[in-house]
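Here are some notes from my pass through this one, in the order I'd talk them over with you. Have a look at the picture, then read on.

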Amino acid sequence: MAAAGGRRAVYPLFQRGGPQLRIFRPNFFMLAVRPGVPQPEDTVQFRVSMEMTKLDIRNYLERIYNVPVAAVRTRIQYGANNKRNHRNQRVKKPDYKVAYVQLGQGQTFQFPNLFPEKEQDAETRSFDDFRDKYMEKEKQKEEGDPRRGGVPDWFGL
Amino acid sequence: MAAAAAVAALGRSLSAALRLPRARPGLPGMALNLYHKNLPKVETLPQVKFLHTTVSRRGLEEFFDDPGNWGEKSVKSGDSWNIKQLRGKSSEDLHKLWYVLLKEKNMLLTLEQESKRQRKPMPSPERLEKVETSMKNIDLVVREREIALRLLQTGHEKPVPGEWRNDFLGRTFWYSYKEWPIPWHLNKKHKKKRFYYLPHVNHFIRLRLEKALRKRARQQSLERTRRKVLERKFPDVAVKSQSQ
């Protein structure tokens, strides 16, 4: 209950022989991402809080998610500062830490497809039909005389 | 021997049941349960020799939503936890709820990133705000309880002692003490910091004060004019407020 881990958390000073730091309500986030470069089957790619170490990530996954972890490698991805807004000020994309976690006990992981094509129910289908018909009608109104062969009618007789 | 083993098994499963979060049934309405007001309490297990507790399907699946919700346009979810509701919960329940909310937040962040990657809209992004406010409220409640306990035990309100100090620009701020391995008079960098200001800064303190007063006066007059405009537009409301 006492120590909460996260950004701007003040931890007690550690000196040799002191007690092990324990965090009771960690605020560290961890999200699984689809790897940009194909990874081996046992490797899962995460984006983690910047303050997390490899030990932290291992304990997090083992204790909270009950996932056996064999190895963790981390790197910090620098977010670019090239884009400019309407005031010509540079806009920074935030930095983030990427962790490559290799699962133990021979487990494999494949990032799933979270947006599969689903059958539309009757309501959405009818709405889509209605919308398509309306768009067709609007387009027909815009078209000019078919006898002119696509020539605009703002000039001529 | 068998009785001892059974008792040990009972103790282990009880402690496991208390430690583990609830098993997630694979129903589409499962998301509602997380935000529901009444968190189901852990039931006391009956005294039987062989215990079969439902093993929750943990693992990397918990980074993703229920598979029935994949591809949906919107997912139903209840309201966030209120402070008043959380104050009625025990510390153990709050501890478990914190981890439930943390896992939910991780799942939603995963979904958000994947939706950005696939260039599709994220279903019900308001769930993230609800989870964040719930976690903030839990933090507040736990902090309140800690402060109460600390006041009773030690008489101090804050976990870290501190004092009001002036910086070199004349501003007053709360300086909280930090733990250092060496005393302050041996810390070269700390000795360069100045917690006092010289007399020439008084002029700038005065200017800062005038600026703050002007800002406050502007805000008050704006509030007064806005109220007058409303009273002119809706005179019946003005009469009610005066009578009260």
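1. A quick cut-off before anything else: a residue is called buried when its relative accessible area is under 20%, exposed when over 50%, and partly exposed in between. Also keep in mind that this is a predicted model.

2. Start with B:Arg119. Is B:Arg119 buried or exposed? B:Arg119 has a relative accessibility of 78%, so it counts as exposed. You'll find B:Arg119 in the loop that runs between helix H4 (91-118) and helix H5 (126-153) of chain B. For context, most residues other than glycine have a negative phi.

3. A:Gln105 isn't a glycine either, and its phi is positive at about 55 degrees. A:Gln105 sits in the loop between strand E4 (96-103) and H2 of chain A. With 70% relative accessibility, A:Gln105 counts as exposed, because the cut-off for that label is over 50%.

4. Staying with chain A, there's a nonpolar patch on the surface. Which residues form the nonpolar patch? They are A:Val151, A:Trp154 and A:Phe155, and together they have about 360 Å² of accessible area. A:Phe155 belongs to the segment after helix H2 (122-142) of chain A. A:Phe155 has a relative accessibility of 39%, so it counts as partly exposed.

5. Back to chain B, for the overall layout. Its secondary structure amounts to eight helices and two strands. Going along the sequence, the order in chain B reads α-α-α-α-α-β-β-α-α-α. The domain assignment of chain B gives domain 1 (61-154) and domain 2 (162-243). How many Å separate the centres of domain 1 and domain 2 of chain B? Taken over C-alpha atoms, the separation is 34 Å.

6. Chain B has 244 residues, and 28% of them are buried. Chain B exposes about 18100 Å², with carbon and sulfur atoms supplying 58% of that area. As for contacts in chain B between residues at least 6 apart in sequence, 68% of them join residues at least 24 apart.

Notes:
Residues numbered from 1 in each chain as written. Chains lettered and ligands numbered in written order. Predicted model: local features only at pLDDT ≥ 70, side-chain atom pairs only at ≥ 80, totals over all residues. Heavy atoms only, no water. Patch = residues over 30% accessible without salt bridge, like charges linked within 9 Å, V, L, I, M, F, W, Y side chains within 5 Å. Areas by Shrake-Rupley, 256 points an atom, 1.4 Å probe, with all protein chains shown as cover. Salt bridge = Lys/Arg side-chain N within 4 Å of Asp/Glu carboxyl O. Helix = DSSP H or I, 4+ residues; strand = E, 2+ residues; numbered from the N terminus. Buried < 20%, exposed > 50% of the residue type's maximum accessible area, 1.4 Å probe, protein only. Contact = heavy atoms within 4.5 Å. Domains from an automatic or database assignment.
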